[in-house]
Amino acid sequence: MLSKRIISLTRSRTLGNRNVARSVLLARARFHTSVRLLETETVKVPGMAESITEGTLKQWQKKVGEYVEQDEEVATIETDKIDVSVNAPAAGKIVELLANEDDTVTVGQDLFKIEAGAQGETQSKPTEGSEVREQLKETEDKAEPKDQQESKQPPPPPPQREEADRVDQGKTEKSGSSKKDELQSKPELKTPSPSTPGNRSETRVKMNRMRLRIAERLKESQNNAASLTTFNEIDMSALMSMRKKYKDEILKTHEVKLGFMSAFAKACTLALKEIPAANASIEDAADGKGQEIVYRDYVDLSVAVATPKGLVTPVVRNAESLSMIGVEREIAAFGKKARDGKLTLEDMAGGTFTISNGGVFGSLYGTPIINLPQAAVLGMHAIKDKAVVVDGQIVIRPIMVVALTYDHRLLDGREAVTFLVRVKEYIEDPNKMLLVD
């Protein structure tokens with residue numbers, strides 16, 4: 001009987017030891033899991049594009065100690081084309097910032113450290129501890145003895161006797177001074193310098209990368225392309241009449257506004273089929289020996305869009321296969337992305353021909369600059385009523401001046417003028433665009 005009790009007691013102790021060991025193992029597993037959750041991760045500068053290897057750290061959106069959600073923006077890197085957002089790979093606390101604002105950072109460089117799973121600081125609100133300390137301080141001030149509070153009062157000002165003596169002594173010395181001293185003590189009369197009216201302050205602002213890149217590209221175009229510009233006038237009566245007739249129906253059916261840009265885009269794609277050199281470019285040969293002319297059977301239309309940072313040119317791919325409504329839909333989408341600052345490098349890469357509409361700003365005439373390596377750019381301008389001769393009669397018509405700047409290395413004058421005349425014919429008679437094979 002005693003042996004059975006000893007055996008049962010031994011078994012219970014063994015089971016108890018096993019349970020303790022199991023609980024210890026579980027606690028260790030939980031501890032190691034929490035340690036893994038709080039591991040510090042170093043976030044690097046992400047890849048931005050094939051041709052972009054560095055950028056400028058424009059702004060930190062978060063500070064050290066702050067909490068971030070997963071995919072929340074932590075920093076903004078400015079490149080010569082777009083702004084790139086660097087997001088948190090996981091929710092956690094920012095531990096360390098490894099670069100300063102306005103620093104040049106390269107792809108793959110360590111940017112900041114994050115402790116995944118950790119709780120960071122929130123926006124500064126008075127904490128419970130600070131409130132308790134404030135209350136204790138007020139209580140101590142109230143409980144302070146009256147004589148100590150009186151002792152904190154500033155001492156009375158010293159008597160003015162010595163100062164009065166100094167004044168009297170000064171008067172006596174002055175009365176005994178010579179006339180020569182009085183003449184020498186008089187202030188000298190200075191001739192007033194001529195003053196310029198108005199404010200003459202200056203403000204110096206560092207050029208951002210996009211503006212620097214735009215300046216570089218424009219100067220490159222001036223230096224390398226043999227640019228020449230030809231002009232023509234277009235009677236916009238027929239296109240304006242068509243737009244007025246169908247704009248409400250198109251807005252209701254397709255939820256896009258019918259503008260003039262889609263008609264010019266369609267006219268240009270048709271004219272480029274006839275004059276393929278205007279859609280070509282000069283590029284280095286694949287074997288590295290000399291240069292080649294690249295002709296294309298498609299039209300990737302670059303549309304110039306003004307943004308607060310500068311002019312960007314998102315690309316409407318295969319514009320030759322799109323209808324006017326399709327072109328308007330693409331342009332509207334790009335305009336919204338440009339206003340929201342969400343244009344990507346893919347949106348602006350490439351382009352075989354450019355249309356720039358300075359007329360939206362009121363420009364009457366202008367010579368657009370070629371966007372290399374493209375061969376030409378069409379410039380639209382404001383529509384103004386002008387007196388013109390039609391069938392021997394002087395009539396008032398809405399006229400737009402258009403300009404084509406082309407690279408004379410690729411296009412001769414005959415081809416450039418023919419291209420612009422074709423655009424003029426299509427716009428003045430939009431029905432003609434339906435008859436082109």
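In the predicted model, Glu-274, Arg-422, Glu-425 and Lys-432 are linked in a network of salt bridges. The count of salt bridges comes to 17. Among them is the contact between the side chains of Lys-113 and Glu-96, with a distance of 3.8 Å from N to O. Lys-113 belongs to strand S8 and Glu-96 to strand S6, so this pair ties together parts that are 17 residues apart in sequence. Lys-113 is partly exposed, its relative accessible area being 28%. Glu-96 is likewise assigned as partly exposed, with a relative accessible area of 35%.

A further salt bridge joins Arg-213 to Glu-216, whose closest N and O atoms are 3.0 Å apart. These two residues are three positions apart in helix H6 (residues 209-224), and about one helical turn therefore separates them. Arg-213 is partly exposed at a relative accessible area of 25%, and Glu-216 counts as partly exposed at 47% relative accessibility. The side chains of Asp-340 and Lys-336 also meet in a salt bridge, at 3.1 Å from N to O. For Asp-340 the relative accessibility is 42%, a value that counts as partly exposed.

S1 is joined to S8 by five bridges, and the two strands run antiparallel. Within this pair, Thr-42 stands opposite Lys-113 in S8.

Val-68 stands opposite Gly-92 in S6. Strands of a sheet pair through backbone hydrogen bonds, in either a parallel or an antiparallel arrangement.

Another open sheet of four strands has the order S5-S4-S2-S7, again with antiparallel pairing. Its edges are strand S5 (83-87) and strand S7 (104-106), each of which has a single partner strand, so one side of each is left without a neighbour in the sheet. From one strand to the next, the twist averages 45 degrees. Within this sheet, strand S2 (residues 54-60) and strand S4 (residues 73-78) pair in the antiparallel sense over four bridges. Leu-57 stands opposite Ile-77 in S4.

The 16 residues of H6 should span 22 Å at 1.5 Å a residue, which agrees with the 22 Å between its end C-alpha atoms. The buried residues of H6 are Arg-209, Met-210, Ile-214 and Ser-221. Seen down the helix axis, these buried residues of H6 fall within an arc of 135 degrees, so they line one face of the helix. The elements that cover them include S2, S4 and S7, together with strand S9 (227-235) and strand S14 (310-312). On the face of H6 turned away from its buried side are the exposed residues Gln-222 and Asn-223.

Helix H8 (residues 261-274) consists of 14 residues and reaches 20 Å from its first C-alpha to its last, close to the 20 Å expected at 1.5 Å a residue. Eleven of the 14 residues of H8 are buried, so the helix is largely enclosed by the rest of the structure. The buried residues of H8 are Met-261, Ser-262, Ala-263, Phe-264, Ala-265, Ala-267, Cys-268, Thr-269, Leu-270, Ala-271 and Leu-272. The range of H8, residues 261-274, extends to Glu-274, a member of the salt-bridge network with Arg-422, Glu-425 and Lys-432.

Terms used. Residues are numbered from 1 along each chain as its sequence is written. This is a predicted model: local features need pLDDT of at least 70, side-chain atom pairs count only at pLDDT 80 or more; totals for chains, interfaces and linings use all residues. Side-chain values use heavy atoms; hydrogens and water are left out. Two strands pair if DSSP finds at least two bridges between them. Axes are lines fitted to C-alpha atoms, for helices over the stretch in contact, and angles run from 0 to 180 degrees between N-to-C directions. The expected span of a helix is 1.5 Å times one less than its number of residues. Buried means under 20% relative accessible area, exposed over 50%, partly exposed in between (1.4 Å probe, protein chains only). A salt bridge is a side-chain nitrogen of Lys or Arg within 4 Å of a carboxyl oxygen of Asp or Glu. The arc is that of the directions from the helix axis to the C-beta atoms. Contact means heavy atoms within 4.5 Å.
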